[in-house]
Amino acid sequence: MLPFRLSLFRAARPHSRCLSSSAILRGIPSKYPAGTHTTKLYIGGEFIESQTDQWIELRNPATQELVTLVPQATPSELAHAERTAAEAFKTWKRSSVLTRQRIMLDLQLLVRQNMDVLAKSITTEQGKTFPDAKGDVLRGLQVVEAACGIPNLLLGETLPVSTDMDTFTIKEPLGVVGGITPFNFPAMIPLWIFPLAIACGNTVILKPSERDPGATMILAKLAEEAGVPKGVLNIVHGAVDTVNFICDAPAIKAISFVGSDQAGKYIFARGTANGKRVQANLGAKNHGVVMSDANKNHTLNQLVGAAFGAAGQRCMALSTAVFVGKAQEWVPELVDRASKLKVSGGFEQGADLGPLITAQSKRRCLELIQSAVDEGATVVLDGRDFKAPGKYAEGNFVGPTIIANVKPHMRCYREEIFGPVLVCLNADTLEEAVEIINDNPYVTLT
């Protein structure tokens, strides 16, 4: 999203990651043991305990241990965030671009210094391996670094069009912008949104995923330390009610969303109906076409990493491989390599992938694998019965799974699985492979 006026805006493409059926518990945190952690709201530069009676359990996906209770923010709390952001915009929009650049420079240093702290939160709440979690932070940090160049990004244009007539453009902040982020990149995607929005002179209301908001709360504290004024960045929590608030709030002028097709289409429709600019990045079904003249060793290694890294919970996972001609004979070697991956808790030394985010995500993944069997495909590497030892016995683990002999009509091919599952199709020619891919609802090749 381009968070300023007089510029082109594009509506673009990391589970119903926001409209999910999270377990909302009605009651107060006192129902839980003394000392149970609750996630705070961040409004007007203050970390606030919500007064809600609806709390969402957040459990470590590797152990099922309760990590925190996430509030469904009340209507009055959401309205307070809207008023605060709108009021802060009145002064923040008049801040100089060099003032905003200075804050971004300080923020990028703080994020870099706290990379391990952020990664630990991600691994605990989301289940990524610790090295992968650090990569999550690093990719977000790169966007903060880009925001440090905001003076050049906000340059206007002039054009003499006739005698005594010039045209020029001025880029101005929009106002309050909203962000709705998914569970699978809890640091990177918030860092896609609020640094650039703030650097352009906007104020922000951000809703992180209710499944893992911890990294966003750490980033809010770092933003405060970097000098972001009170009210310029606000964090609210919840599920559908909070999404609807962001879509409907009159002060919010634009929304940036990353998540599933179902949620994204809903947010795009509701947000645009209210006159907002909406950027919606949705699901994916990424394909790799494997030709017989490819470098076999390199190709197989890349397939394993792309398909099973992050337990397949990323929109850029390579979840589908189309083997052309004699390359179909490579599948047994692919199975051999994938079977050697280490599945464990994210903090374990040498772990290649961790658990899925929730028990519901695991059940859906297993259901889609079974649907492939029911429709005639062959599970040549089966991770459904994977059992982690010791404290991880109750974790949401699925081992690397490879499904061969998949046909284009099968559900496992037509839907985004969002798990460590690679589906394999066969084609006789490159042209046939392209035809198969173009028929998938997620993809068009040109």
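These legends describe close-up views of one predicted model.

Local features need pLDDT of at least 70, side-chain atom pairs count only at pLDDT 80 or more, and totals for chains, interfaces and linings use all residues. Residues are numbered from 1 along each chain as its sequence is written, and side-chain values use heavy atoms, with hydrogens and water left out.

**View 1. The annotated domain covers residues 47-442.**
The name comes from an unreviewed UniProt entry, which reads "domain: Aldehyde dehydrogenase". UniProt positions follow the numbering used here, feature names are shortened, and annotations may be inferred rather than shown by experiment. Over residues 47-442 the chain is 42% helix and 18% strand. The end C-alpha atoms of this stretch are 40 Å apart. Helices (H or I, at least four residues) and strands (E, at least two) are DSSP runs, numbered from the N terminus.

**View 2. Helix H6 is mostly covered.**
H6 holds twelve residues, 188-199. From first C-alpha to last it reaches 17 Å, close to the 16 Å expected at 1.5 Å a residue. The expected span is 1.5 Å times one less than the number of residues. Ten of the twelve residues are buried. Buried means under 20% relative accessible area, exposed over 50%, and partly exposed in between (1.4 Å probe, protein chains only). Among the buried residues are Met188, Ile189, Phe194 and Ile198. Just after H6, Gly201 takes a positive phi of about 100°.

**View 3. Thr181 sits in the loop between strand S8 (176-180) and H6.**
Thr181 is buried, with a relative accessible area of 1%. Contact means heavy atoms within 4.5 Å. Leaving aside neighbours within four places in sequence, Thr181 is in contact with several residues, including Ile189, Pro190 and Ile193. Ile189, Pro190 and Ile193 are buried residues of H6. Thr181 also contacts Leu206, Lys207, Pro208, Ser209 and Val258.

**View 4. A nonpolar patch lies on the surface.**
Leu159, Val161 and Met165 form this patch, with about 280 Å² of accessible area together. Patches are made of residues with over 30% relative accessible area and no salt bridge; like charges are joined within 9 Å, nonpolar side chains (Val, Leu, Ile, Met, Phe, Trp, Tyr) within 5 Å. Accessible areas come from the Shrake-Rupley method with a 1.4 Å probe; for residues, only the protein chains shown count as cover. Met165 belongs to strand S7 (residues 165-168). Met165 is partly exposed, at 48%. Asp164 lies in the loop between strand S6 (158-162) and S7. Asp164 has a positive phi of about 60°, although it is not a glycine. Its relative accessibility of 82% counts as exposed.

**View 5. Helix H12 (residues 359-374) packs through its buried residues.**
Its 16 residues should span 22 Å at 1.5 Å a residue, and the end C-alpha atoms are 22 Å apart, which agrees. The buried residues include Cys365, Leu368 and Ile369. They pack against strand S15 (378-381), strand S16 (401-404), H13 and S17. Gly376 follows H12 and has a positive phi, near 105°.

**View 6. Salt bridges link Arg364, Glu367, Arg411 and Glu415 in a network.**
A salt bridge is a side-chain nitrogen of Lys or Arg within 4 Å of a carboxyl oxygen of Asp or Glu. The structure holds 19 of them. Arg364 meets Glu415 at 3.1 Å, N to O. Arg364 lies in helix H12 and Glu415 in the loop between H13 and S17, so this pair ties together parts 51 residues apart in sequence. Arg411 bridges to Glu367, with the closest N and O atoms 2.9 Å apart. Arg411 lies in helix H13 and Glu367 in helix H12, so this pair ties together parts 44 residues apart in sequence. Arg411 is partly exposed at 28%, and Glu367 is partly exposed at 42%.

An α-helix has 3.6 residues a turn, so residues three or four places apart point the same way. Glu87 is partly exposed at 48%, and Lys90 is partly exposed at 45%.
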